[in-house]
Amino acid sequence: MKPARIGLYAFLLTAALFFMLPLYVMISTSLKSMDEIRLGHIFALPMAPTLEAWRSAWSEACTGASCDGVQAGFWNSVRITLPSTILPIALGALNGYALSFWRPRGANLLFAILLLGAFVPVQVMIYPLVRMLAAIDVYGSLPAIVLVHLVFGMPVLTLLFRNYYASLPHELFQAARIDGGGFWRIFWHVMLPASVPMLVVAAIMQITGVWSDYILGLVFAGRDNLPMTVQLNNVINTTTGVRLYNVNMAATILTALVPLAIYFLSGRWFVRGIAAGAVKG
Amino acid sequence: MRQRGVMPYFALLPMLATVCVAYLGAFAWTFYVSLTASRSIASNKFIGMAQYERLFNNERWMLSLNNLAIYGVLFILACMVIGFLLAACIDRQVTGEGALRTVFLYPYAMSFVATGLVWQWILTPGGIPGFEFDWLVDQDKVIYTVVLASVWQASGFVMALMLAGLRGIDPEIWKAARLDGIPVWRVYLSVVLPMLGPTLATVIILLATMVVKLYDAVVSMTQGGPGTASEVPAKFIMDHLFLRANIGLASAGAVVLLLTVLALLAPYAYARSRRRATA
């Protein structure tokens, strides 16, 4: 092997070690007891691995006044993520379909403005959205957070489907038109079945994004529906007293588990989502 | 084929409502509030640009802008360099490409909150006996720890996009370069990088919007501390909206943040439309 090749592999291996390090620290810390953490080295392997911290993180860790672990947050996140994946994708697909095949007048301008929305920091809209949702009496509820995810997911999802439908052969649409298919029939019977790959990519993106959201859940979901990320942050950063690092790390892994599992299982689909979402415009 | 009927218009009503109410309407509202004397409750007392004056005389806001600038430059630079190096190395027919890509990209599947919390723990002083690393609690250096965590999270994303760009480059270039005896690094610098231009521009824009939105990672990793040493604009706005009851000032901050985004986007959009026009 040439020296250049050795250097190349050395660089890649060093980088891989650096990237793996936090995952290793998370897992090994979560398997240690507090005594072992206090005495030992952060990078040391656990001497007597125990799942005690995981049990505690799931069902006992304290967030403010209550001590029920992150499990409540987990189920809240599930209840938020399901509708916040299905509805925005359905609407994104419909938008993309109408935009690329029917081209209503003025729709492109509308789409251009919507796309700008993908770049806007949510802080710009938060106060008015809070007031609007309060005015229709849903602020701080499950419908509120779903609606907000619908709003913030729409730019990228619409873009994704618009580009995807633009890449389909136009004859597909024309043939369906000649057969007398109307707007909804073509969407339902021709386009949706043809967009399964994009639906998968969109679902992966949306589940990962919604599950990882912190700020929207914190503001809009309301006290009874706080997602797991918010609860996790509360467990670790607002609890006074002794910091239970093993419990904290177990809770962190539990929170990251859903998107990580999707990532490891879906592999190339996840990368496709990144590539598709990055081609803005 | 031009017979469209009303259905397409009807189907786009939710999008129309979203754009008009949630985006344009909300922005107009925020802009209006920034011109009023609103504090904990909204007020209609018009005070012109006074909130903006207050904002730019606010030490905490100026500190957060300063932090964001440091963070933004370092984060984008580091992500670009690391992402490009990883992509270029992986692109040179290495064994274990799939595994390497998986390892470099998995942090991107983790939330900013989880990322911030892991790095908070790793960088907690005293974690490694006999090795004092205390940047996390050092007022002057804490922002660099946030950079470190974010670069770890996002450089795999840059790698994935760059790799896609590299795979689109004609392999003939390498043959031609080898025949002419041009060293590999030279080809990357003078041929490959310029060809990746559009990819680089897209990546920089995506990273820049991540920078402006920076919030979760700071909240989970440092809570803006020690003191106010790692404050960032997005957090300043949230704190003034919900904790410090100063809606007018927060709205002025939000408008400034939005203008920053637009200023970043404008040259990019311009370059794109010119490229389309010449293509």
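The model is predicted: local features need pLDDT of at least 70, side-chain atom pairs count only at pLDDT 80 or more, and totals for chains, interfaces and linings use all residues. Residues are numbered from 1 along each chain as its sequence is written, while chains are lettered from A and ligands numbered from 1 in the order in which they are written.

**Helix 9 of chain A**

- Helix 9 of chain A comprises 12 residues, 183-194 (helices are DSSP runs of H or I of at least four residues, strands are E runs of at least two, and both are numbered from the N terminus).
- From first to last C-alpha, helix 9 of chain A reaches 15 Å, close to the expected 16 Å (1.5 Å times one less than the number of residues).
- The buried residues in helix 9 of chain A are A:Ile186, A:Phe187, A:Val190 and A:Met191. These residues lie on the same side of helix 9 of chain A because they cover an arc of only 130 degrees around the axis (taken from the directions from the helix axis to the C-beta atoms).
- Helix 4 (71-102), helix 7 (142-167) and helix 8 (170-178) of chain A are the elements against which the buried residues of helix 9 of chain A pack.

**Nonpolar core**

- The largest nonpolar core holds 165 residues, of which A:Tyr97, A:Val148, A:Ala251 and B:Leu214 touch the most other members (a core is a set of buried Ala, Val, Leu, Ile, Met, Phe, Trp, Tyr and Cys residues joined through C-beta atoms within 7 Å).
- Helix 7 of chain A gives the most to this core, namely 16 residues.
- Both domain 1 (3-50) and domain 2 (71-278) of chain A supply at least three residues to this core.
- Beyond its neighbours within four places in sequence, A:Tyr97 is in contact with A:Phe161, A:Tyr165, A:Phe187 and A:Met191 (contact requires C-beta atoms, placed from the backbone, within 7 Å).

**A:Asn163**

- A:Asn163 belongs to helix 7 of chain A. A:Asn163 counts as partly exposed because 17 other C-beta atoms lie within 10 Å.
- A:Asn163 and A:Ala276 are 113 residues apart along the chain, yet their C-alpha atoms are separated by 8.6 Å.

**Domains of chain A**

- Chain A is assigned domain 1 (3-50) and domain 2 (71-278), with bounds from an automatic or database assignment.
- The centres of domain 1 and domain 2 of chain A, taken over C-alpha atoms, are 34 Å apart.
- Contact between these domains of chain A involves 8 residues of domain 1 and 7 residues of domain 2. On the domain 1 side, helix 1 (3-30) and helix 2 (34-39) of chain A each give two or more residues, and helix 1 of chain A gives the most, with 4 residues.

- Chain B has 13 helices and 0 strands, and 42% of its 279 residues count as buried.
- The C-alpha trace of chain B spans about 75 × 75 × 30 Å along its principal axes.
- In chain B, 71% of the contacts between residues at least 6 apart in sequence join residues at least 24 apart.
- Between the chains, 72 residues of chain B are in contact with 64 residues of chain A. Helix 2 (residues 13-34) of chain B provides the largest share of the chain B side, 14 residues.
- The side of chain B that touches chain A has 56 nonpolar, 11 polar and 5 charged residues (nonpolar: Ala, Val, Leu, Ile, Met, Phe, Trp, Tyr, Cys and Pro; charged: Asp, Glu, Lys and Arg; polar: the others, Gly among them).

Notes. Buried ≥ 20, exposed ≤ 12 C-beta atoms within 10 Å, placed from the backbone. Contact = placed C-beta atoms within 7 Å.
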